[in-house]
Amino acid sequence: MDKLTRAIASASARHPWRTITAWLAVTGAIFAVAISAGGTFVDDFSAPGSQSAKALELLDESFPEAAKGSAMVVLAARDGTTLTDHRDAIDDVLTEVSTIAHVQAVADPFTAGTISDDGRIGFATLTLDAPEREIGKPAFAVLSEDVSGAAAPADLQVELGGDAVFLNSTEENSAHVGIGLLIALLVLIVVFGTAVAAVIPIGLSLISVGAAIGAIMWLASTMSVSVSAIPVAGLVGLGVGVDYALFVVARYREGRAAGQDNARALTGAMATSGTAVVFAGGTVIVATTALAITGLGIITSIGLATSLMVLSAVAAAVTLLPALLTLLGDKIDAGRILRRHRPATRAEGSRWWRFGHHVSRRPWPYLLGAVTAVLAIATPALSMQTAFPAAGDAPAETTHRQAYDLLTEGFGIGFNAPLTVVIDQRSAPDGDQGVDSLVETIAAVPGIASVGEPQTSAGGDTVVLNALPTSSPAAAATSDTIEEVRSVIPGNVYVTGITAVTDDLNSQLAKTLPVFVGTVIAVSFLLLMLVFRSVLVPLKAAVMNLLSIGAAYGVMVAVFQWGWGAELLGLEGPTPITSIIVVIMFPILFGLSMDYEVFLLSRIREEYARTGDNAESVARGLAGTGRIITSAALIMVAVFLSFVASPVPSLKMLGLGLATAILVDATVVRMLLVPATMSLLGDANWWLPRWLDRALPVVTIEVADNPDEPDAEEQQRTGRAEQLVSS
């Protein structure tokens, strides 16, 4: 692997302008194809083969009118008046709404069941001209804006609600990404001391993210890609893009400071840190691609999008970065801001070296203390209860949240969790009692507040009716009610609606999660074993990564589910933890944790191969990577925490969870657990059965040259690498 990485980097460095031109051309071509393909982003929440999915398929096939998207114009009279007092104004508002794009029909809000008992709150159902997945998020944004902007008197409140509006809502852009990158820039300035060296990782990250966005847009033209794919993938892409460039640039400048010329320093950096970047990025790609095991469209698309983002970051680090470093040459140190920092030529005496030996001399206290602390942080995760967010969890100022609150006030909490019952008359069983009997059966189920009038398709083969539960969309009681309804209906009847769809989604996750988690751990274990030729190193790495992930889940439960400090994050109180976010976080965190494991262990392995002294190699590994890994972690934490400022609760969860895991991983795990466990295991760290060693392919991260060795040997190796590229 090291030879291939060095060969690719050497080829890019020999032809820097060709490399840059190729990046511009490929990125432009990707965007051109993506735009011409016309892909759209849509959330596919359905679980293949589930009851809710079968119901939606039946509607598309036999009752397309009922499959069309819908929304509700929610009306509320103020100042002690009723809606009847505003009838003329309401007619004018709805007439204006009927002219908005994609609105096919507007129902009369003054019919039975559409006005609250006190006459103050009501709604008019909008029938759209296509299913919501075909309309797209931008069109819903325009619809929300136009309805909210409809001319209405001051004492009449007009809002737009419904599941389709909430699921396709857009939030105002915020400066959270810029804040994270600004903090990252400040950290890089402290690390490198020069403006040019600090800007390179930021710029490279932005370029790789931009190229990956084009690839994700292209992907959206071939499959259903979640509207959250780019925000989630971009969050990871920014972090790894900066970190990967940081590791390579730091190793390159280390070689330059040791007296190596540009070519030798670049070759050495790419053969060591560059190879570690390829391996670490590959681990993240494998882990996020494994999300496809869940079989859920929305999760699979986010996993593939994240994989594309990380792949772009790795490609930029091993091709574009060497080209830029070659062009810059000595200018890498231009724009000095802080006093010149000269890396020590010897590890002995550095604070990280002394700390490594300090932990190695007292491994048990540090091991037990660190594990106890992490387990204490992770303990709340045992109480985790996941749910799917509803409009009631959205920011209070949004129109769909206000519509949700008004409907709850006027018609009860279950009004926002409607169940859609679809009846396939063509496959009715013998002795079927008919639709009226089914309505009575469903109405008698505990937890059902009311059942609406059945609607029959033009061909008479499909019937649809709505049932309202007595509990809220995210309540466990609603899931119980769905199960109870499904237990009393015949096989030709299916229950769907967003509440039933997300319930089926959670059931699918529960079935596939063990296989998914096991696959991620097993593949990561195998990859680490290939590189480090060890059984115990990948085993303890997997355990430590699970500890970091557990700590992240524990903090999420405490903050979001229990509401500890939720107000500080801009939340009104406890918020349901989104099941999708919990699943998506696992491979991302597992992969990112492996990043730091690879960078630290590859340096320790270098020193062990050179000295054969386990304790000294651990201390030297910490001395060689401690400052850079800490800086990289600070950058990751800054980028991830910046997403806590997002108005979207799910992005807040993702940002806080990722930041927590990276913080724990780079401090408690890498600074305490790794040196303590490696000290206790001694030479057994690198044990691998001989039969397994012979069976496994050889994948190595090259041991860096000693700065004191003659340049001739390096020139000889560089010549062989160039020969490999030219051939």
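Helices in this account are DSSP runs of H or I with at least four residues, strands are runs of E with at least two, and both are numbered from the N terminus. The model is predicted, so local features need pLDDT of at least 70 and side-chain atom pairs count only at pLDDT 80 or more, while totals for chains, interfaces and linings use all residues. Residues are numbered from 1 along each chain as its sequence is written, and side-chain values use heavy atoms, with hydrogens and water left out.

Helix 9 covers residues 176-192 and contains Val190. Val190 counts as exposed because its relative accessibility is 55%; the classes are buried for under 20% relative accessible area, exposed for over 50%, and partly exposed in between, with a 1.4 Å probe and protein chains only. Together with Ile337 and Leu338, Val190 makes a nonpolar surface patch of about 260 Å². Patches are made of residues with over 30% relative accessible area and no salt bridge, with like charges joined within 9 Å and nonpolar side chains (Val, Leu, Ile, Met, Phe, Trp, Tyr) within 5 Å. Accessible areas come from the Shrake-Rupley method with a 1.4 Å probe, and for residues only the protein chains shown count as cover.

The charged pairs come next. A salt bridge is a side-chain nitrogen of Lys or Arg within 4 Å of a carboxyl oxygen of Asp or Glu, and by this rule the count comes to 16.

One of them joins Glu61 to Arg426, with 3.6 Å between the closest N and O atoms. The pair links distant parts of the chain, 365 residues apart: Glu61 is in helix 3 (residues 51-62), and Arg426 is in the loop between strand 6 (419-424) and helix 17 (435-443). Glu61 is exposed because its relative accessible area is 58%, whereas Arg426, at 45%, is partly exposed.

Asp333 and Arg253 form another salt bridge, at 2.7 Å from N to O. Here 80 residues separate the partners, with Asp333 in the loop between helix 13 (297-328) and helix 14 (351-361) and Arg253 in helix 11 (residues 229-257). Asp333 is partly exposed at 25% relative accessibility, and Arg253 is buried at 16%.

In the salt bridge between Glu572 and Arg401, the closest N and O atoms are 3.1 Å apart. Glu572 lies in the loop between helix 20 (536-561) and strand 11 (577-578), Arg401 in helix 16 (residues 399-411), 171 residues apart. Glu572 counts as exposed at 54%, but Arg401 is buried at 11%.

Salt bridges also link Arg251, Glu254, Arg603 and Glu606 in a network.
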